[in-house]
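Colleague: Could you take me through the aromatic contacts in this model, with the criteria stated as we go?

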Amino acid sequence: MRDRLVSEGLAVRRTPSLPAVRRAAAHRARRFLARLGVPSDRDLVISYLFPPAAETAGLVMAKRLQNWPRNVDVIANEAPRNRAEDPGGLKVAGPRVKRISRVTGRRNQLKNWALVEKFCDQGAARIRSFERSRGPYRRVYSRAMMPASHFLAATYKLRRPSTRWTAEFSDPMLFDTHGIRRETDVGSSPLARDIADAITGRGYTLTDPRNMFELCEAVAFALADELVFTNEVQRDFMLDHTADPHLRAAAAAKSTVRPHPSPAPELYDAVEPPLALSPELVHVAYFGAFYLRRGLDDLLRPFALLTNDERTRLRLHVFTDKPDAARTLVDHEGLADCVMVHAYVPFLEFLALTKRVDRLVLADARVAENHQVNPYLPSKLSDYRGSGTPVWALVEDGSPLSAASEVTATPLDDVDSQVRYLRSLLA
């Protein structure tokens, strides 16, 4: 029937809704302005790791975006193949994120230059596609970890010099926790050569222009308009290890310290906690991985020195990435009566749990024997801070964590003071 009416010119045309008309008009206007080269009203965020990847670095970037003053487009990589995804992490960033374009490939690239090049090549193509509909970006923000984020941001800055680039460092790139200089040879890569030329073209020198990690720090120090560090010790450590004094001075002049952000308050009540906690007991919780520089034995040692009666009134909950290995150690130490080991939980469940326990515990990585000062501040402190639950920290002297105002700190190697702290909870 409708076909006959159409053929006779009698069909009633559906009138588009007013919101649809406005959206279409706005889209045409944006495309027109983009063809004229008018800058976009959105910011560009480059974060190799980003939710739903269940990675700390990506979640920190998502938390940065909670109170962002403008809408943003995000370039990220696909979630690593060997890690579980956490869709709830996307809720952390909030409504400012309008578009996310993901480079294909489920591998981390900390020491793999070929993956950095791939991220930059594909990422640049995605950015050009964004620009065709919205115009160039006025501002770009990149965050390392991982290094590829800064390299892609640097290529954009070179293509559009008027864009304001802010580069954030979560940890030192050039040195690892063992105090060993990271080395990855970039070979004869055209991308690396362009990066090195951009640095030296501004009058700065490089000690090793073929080392990816030196290039990562140096290109941000040289080209970015603002540098963000998460604590003063980290900033001073990285600048002190910058060989060129002129580059060091330039980086210091445009640096700022911006602590890790806490999640929005409503996120702590977004889901029900996955664990029932007896009100008869004192509950202490640790969330995080263990490795050579931060071992579970540091955490268990004071619990082993409590009396049997004290342990019956106390529970340590350990949420970690390798629960079977942790349970084996707990059983070996004879602490299964007071230590409960759990697998990692999704981020929103983790936030819910931080409000339900009596104490949250953090531990510094042991780096004093390799570094003059410990430059690492656990980002989890910001999550703990937002919960309102008191925090107990096992610290190295002079570390950023030892100076945090919201923690009760006991030295990593002072087991007696740790035992006294636990007994004060029971008292």
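Predicted model: local features only at pLDDT ≥ 70, side-chain atom pairs only at ≥ 80, totals over all residues.

Modeller: Residues are numbered from 1 along each chain as its sequence is written, and side-chain values use heavy atoms, with hydrogens and water left out.

Colleague: How many aromatic pairs does a search of the whole structure find?

Modeller: Rings of Phe, Tyr and Trp (its six-membered ring) pair if their centres lie within 6.5 Å, and planes under 30 degrees apart count as stacked, over 60 as edge-to-face and the rest as tilted. Searching the whole structure on that basis gives a total of 13 aromatic pairs.

Colleague: Which parts of the chain does the pair of Phe-287 and Phe-350 link?

Modeller: These two rings lie 4.7 Å apart centre to centre with 70 degrees between the planes, an edge-to-face pair. Helices (H or I, at least four residues) and strands (E, at least two) are DSSP runs, numbered from the N terminus. The partners are 63 residues apart, and the distant parts that they link are strand E8 (residues 282-287), holding Phe-287, and helix H14 (residues 347-356), holding Phe-350.

Colleague: Over which ring does the charged end of Arg-99 sit?

Modeller: A charge sits over a ring if NZ of Lys or CZ of Arg is within 6 Å of the ring centre and within 35 degrees of the ring normal. For Arg-99 the distance to the ring centre is 4.1 Å, and the ring belongs to Phe-130.
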